[in-house]
Amino acid sequence: MGFRKVEAKIDFSKQEEEILSFWEKEKIFEQTLHLREKANRYVFFEGPPTANARPGLHHALPRYFKDLFPRYKTMQGFLVERKAGWDTHGLPVEIAVEKELGISTKPEIEKYGVEKFNTKARQSVWEYKEEWERFTRRSGFWLDLEHPYITYDSGYIESVWSILKKAWDRELIYKGYRVVPRCPRCGTTLSSHEVAQGYKEVEENSVFLKFKVKDKDNTYVLAWTTTPWTLPGNVALAINPRFEYAEVEQDGDKVILAKELVEKVMGPDAKVTRSFSGKELVGWEYEPLFSGALLSDTPNYQNAFKIYPADFVTLEDGTGVVHTAAMYGEDDYALGEKVGLPKFHTVMPDGTFGPTVGKWVGRFVKDKEVEKEIVADLKERGLLFGEMSYKHDYPFCWRCETPLLYYASESWFIAMTKLREKLIANNETINWVPGYFKEGRFGEWLREIKDWGISRERYWGTPLPIWMNEDGEMICIGSFEELKKLAKEPEKVGDNFDPHKPFVDEIVLSKDGKEYQRIPEVLDVWFDSGAMPFAQWHYPFENKERIDKSLSYPADFISEAVDQTRGWFYTLLAVATLMEKEAPYKNVICLGHILDKNGKKMSKSKGNVVDPWKVFDIYGSDALRWYLYTINQPGLPKNFDEEGVKQVVRRFMLTLWNTYSFFVTYANIDGFVPSEKQKIAPKNILDKWIWARRNQLVEQVTKSLDEYDPMQSCLAIEAFVDDLSNWYVRRSRRRFWKGENDTDKQQAYIVLYSVLRDLTKIMAPFMPFLAEAIFSNLKMDGDLVSVHLNTWPKAEKTEDEILVQMKQVRELIELGLNQREQAKIKVRQPLSEFTVQGKGLPKEMAEIIQDELNVKKVSVGKENRIDTNITPELKLEGIAREIVRAVQVLRKENGLEITDRINLSWDSGDEEVVQAMERFGEYIKTEVLADSLERGSGEKHTVNEFVVELRVEKK
């Protein structure tokens with residue numbers, strides 16, 4: 001049949017574009033599904049991206065890992081459906097719309113109109129859809145983009161409602177008044193797993209404050225805080241009754257703090273006038289820091305401005321006395337509940353001070369100028385003891401980067417704490433890569449799990465399906481059918497019902513003569529994504545068998561970046577546990593983040609962002625893919641350096657390409673045509689060895705992929721390609737070059753062809769484009785059209801002995817070459833002997849050593865040693881070999897094909913060169929394909945220390 005000519009200069013990027021066109025024209029991805037539609041299933045879940053921002057390099061990383069295993073399992077014979085998904089709700093979308101409209105507050109949204117706002121939100125999520133699809137396609141990531149799940153679809157929302165109804169029926173959903181993290185800019189609370197994604201290290205001023213004790217002259221209790229904005233909201237001080245406290249005199253004042261912290265806070269010269277137990281402080285009253293900030297008619301006002309006992313007070317930082325603002329801290333609120341402290345907000349929901357806080361009313365509480373003014377005011381009134389810089393992690397909104405406030409408010413929660421043991425048990429069944437995440441980052445998160453705050457006071461999201469009447473009685477709706485049955489105006493729940501705000505808010509329910517209005521909140525967007533295993537199939541309203549009969553649940557494999565341990569990885573597990581199902585995924589690869597080459601986070605402001613399209617255009621997708629597989633283990637951060645991608649091309653891809661090119665070139669010269677009837681029956685030691693290496697490679701890569709370790713698979717492939725090119729092909733060149741087309745030559749072709757063909761299959765999941773390009777030229781008439789439609793190679797019984805022997809041979813050769821180098825003798829200079837210590841080697845192995853070390857014989861002796869003595873005869877042969885090298889360079893410079901025959905002219909005034917040409921003329925002619933060898937003038941060349949004239953003429 002003949003093979004297409006392989007161009008030596010290859011543009012991998014251009015070739016990949018051609019492969020993409022081939023895949024689309026032939027519908028190769030669709031064919032993989034059709035071919036295995038009745039096969040056993042391997043289930044993959046795609047974590048949904050949001051298409052209202054452009055994809056970046058950090059999106060390529062998980063896409064490559066997510067593509068690898070479905071390709072591998074498909075080739076192993078499994079049906080691997082790959083449904084794309086789009087995350088379409090939530091604040092990232094709302095913020096984008098706000099920017100477009102030039103607004104930034106909830107009142108502005110409501111003035112604009114919720115219906116119009118949500119319509120724009122629905123449109124905005126598709127702003128970069130085409131670019132995402134192009135990026136996905138160019139990455140070689142096979143997904144069913146024609147039938148994606150979309151989280152804003154009515155059917156998807158109905159499935160989410162059904163999950164919430166199940167949680168409601170299990171009495172796991174409740175409304176609670178507690179301190180929750182709140183974004184003042186977005187005007188809504190966040191769940192604990194959202195907070196976990198937004199921490200930043202900050203350096204702020206902490207302050208030591210003097211609280212004036214009532215009825216005691218010049219007596220103060222010393223407290224410490226890192227949040228000056230909460231001081232107007234102070235309602236109590238907390239001490240630990242188990243600690244000992246001390247009174248210290250300073251500048252005529254008496255200052256009280258934990259005795260153990262006196263020297264640390266007040267210095268070594270501090271004078272303690274008396275000591276007493278913490279119990280004695282309980283019940284003391286003090287004067288408010290900001291008189292009037294707490295209104296006197298607030299319920300429980302009489303319990304304010306007193307000292308209370310609390311176990312959460314420690315001696316690690318501060319003074320052993322904790323300033324307590326019951327509305328702005330979890331411990332503070334719990335103490336307030338316990339002892340009946342007044343509940344009064346000095347801070348408004350938008351993060352500004354309320355009307356009782358005097359000169360700071362209406363100003364943002366985390367404004368650094370405001371905090372400075374508060375501290376200055378306290379200093380002016382003699383209540384500031386001191387300040388110090390304090391470095392700590394502080395939570396910021398993961399969407400808009402506004403500092404969060406811990407703020408007491410009413411929210412809806414799912415009682416995940418009741419499911420802690422089941423969550424932990426489900427996690428035990430999951431294979432985590434890296435393994436330490438199981439008990440580490442993820443396991444610790446589950447052991448310290450908090451109830452899930454699921455309500456958001458926003459607009460574009462899945463509405464919470466809870467309706468309430470005037471008496472506080474509630475109904476949770478689990479389907480549109482149920483909603484229609486209870487709706488006062490059932491026609492509003494028609495076939496094209498849109499369950500979003502504001503339409504769903506207009507539906508009034510009627511039951512037992514009472515009317516119910518929907519609560520205003522929408523759902524945490526992370527619940528949407530965590531519900532995808534069920535909602536993508538509109539379960540339980542359709543496709544029940546997919547879940548109940550384990551056809552599409554649980555996932556065999558998922559992968560995302562490390563931040564998803566407390567994001568999607570968690571919410572998947574949480575929703576599955578709510579549904580009383582097994583763990584939603586069996587294997588998960590948790591990926592480290594991509595950083596710049598100096599280990600810094602990429603950002604536009606730093607100018608270190610890498611455009612993935614530039615990488616695609618210069619090197620191609622496969623090179624980037626391989627680089628990200630091999631840079632380090634999956635879970636580690638990846639310092640991206642373009643030079644590394646370049647090296648993948650140079651050291652690996654081109655090595656393979658040149659080997660493939662070598663085969664095609666000589667196979668076409670000799671008219672080699674592969675056939676299924678041809679048997680691999682190697683007799684040559686190199687053929688036996690490379691076939692054993694082929695079997696070993698299949699075993700290694702299969703084992704590593706089965707263990708979800710792509711890096712080890714890649715390293716094994718790299719080592720094999722190096723062996724194939726730089727050992728097997730290099731050692732076998734003469735077998736392909738020789739004129740006679742004997743059995744040995746035919747077997748060399750069969751073996752090299754079979755190895756290359758199997759190698760494309762092994763590489764197909766890792767480098768889908770390059771594997772396809774090579775396979776397309778190597779496939780036989782009876783083969784399926786694409787490498788990705790073919791089956792994974794099987795390993796035959798490996799000849800371990802030949803692998804061990806060849807390893808020993810190569811080690812001996814390396815030793816001999818080192819000895820040559822130390823003696824400063826080139827390899828082209830023949831030597832007489834290499835001595836091998838021990839019992840010796842099989843003849844064929846010894847011949848390899850002899851040829852590689854360019855020695856006349858290999859013998860057995862007491863040590864491994866090369867004889868570096870050069871006889872006159874050996875010197876002449878060395879000159880002849882150098883002349884061969886010089887002629888080969890001339891052939892290449894003159895643009896001759898490897899099969900072109902030549903006439904060779906030479907001349908030299910050096911007697912030793914003349915002797916070498918006379919003695920080894922026939923050898924030279926054979927090596928350089930010369931029909932004639934005559935003396936004559938030519939281009940001067942330096943060979944060793946001699947000058948030789950050479951001229952090459954094509955026949």
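Mentor: Helices (H or I, at least four residues) and strands (E, at least two) are DSSP runs, numbered from the N terminus. The model is predicted, with local features needing pLDDT of at least 70 and side-chain atom pairs pLDDT 80 or more, while totals for chains, interfaces and linings use all residues. Residues are numbered from 1 along each chain as its sequence is written, and side-chain values use heavy atoms, leaving out hydrogens and water.

Trainee: Fine, let's start with loops. Where is proline 540 found?

Mentor: Proline 540 sits in the loop between α18 (532–535) and α19 (544–548). The bond that joins tyrosine 539 to proline 540 is a cis peptide bond, with omega about 5°. Now look at proline 502, in the loop between α16 (480–486) and β20 (509–511). There the peptide bond from lysine 501 is cis, with omega near 0°.

Trainee: What is phi of asparagine 218?

Mentor: Near 50°, a positive value in a residue other than glycine. Asparagine 218 is in the loop between β5 (199–212) and β6 (219–225). Burial goes by relative accessible area: buried is under 20%, exposed over 50%, partly exposed in between (1.4 Å probe, protein chains only). Asparagine 218, at 41%, counts as partly exposed. Asparagine 300 also has a positive phi, near 70°, and lies in the loop between β10 (271–277) and β11 (306–309). Its relative accessible area is 33%, so asparagine 300 is partly exposed.

Trainee: And helix length? How many residues does α30 have?

Mentor: The expected span is 1.5 Å times one less than the number of residues. Helix α30 (residues 872–893) has 22 residues and reaches 32 Å from first C-alpha to last, close to the 32 Å expected. Just after α30, glycine 895 has a positive phi of about 70°. Among the buried residues of α8 are Tyr156, Val160, Trp161 and Leu164. Just after α8, glutamate 171 takes a positive phi of about 60°.

Trainee: How do I read a helix pair? At what angle do α4 and α6 pack?

Mentor: Two packed helices are described by the angle between their axes and the distance between the axes. Here, α4 (residues 91–101) and α6 (residues 114–124) pack at about 110°, with axes 9 Å apart. The two are therefore roughly perpendicular (65 to 115 degrees). Contact means heavy atoms within 4.5 Å, and residues making it include Val93, Val97 and Leu101 of α4 and Phe117 and Ala121 of α6.

Trainee: Which residues have the most contacts inside the largest nonpolar core?

Mentor: A nonpolar core is a set of buried Ala, Val, Leu, Ile, Met, Phe, Trp, Tyr and Cys residues joined through side-chain atoms within 4.5 Å. The largest has 109 residues, and Leu624, Phe663, Ile717 and Tyr728 have the most contacts inside it. Helix α23 (residues 642–670) gives the most to this core, with 13 residues. Not counting residues up to four places away in sequence, isoleucine 717 touches Trp626, Phe652, Leu697, Val701, Leu759, Ile762, Met763 and Phe766. Apart from this core lies another, of 69 residues, among them Ala238 and Val357.

How values were computed:
Axes are lines fitted to C-alpha atoms, for helices over the stretch in contact, and angles run from 0 to 180 degrees between N-to-C directions. Angles under 35 degrees count as roughly parallel, over 145 as roughly antiparallel, 65 to 115 as roughly perpendicular and the rest as oblique.
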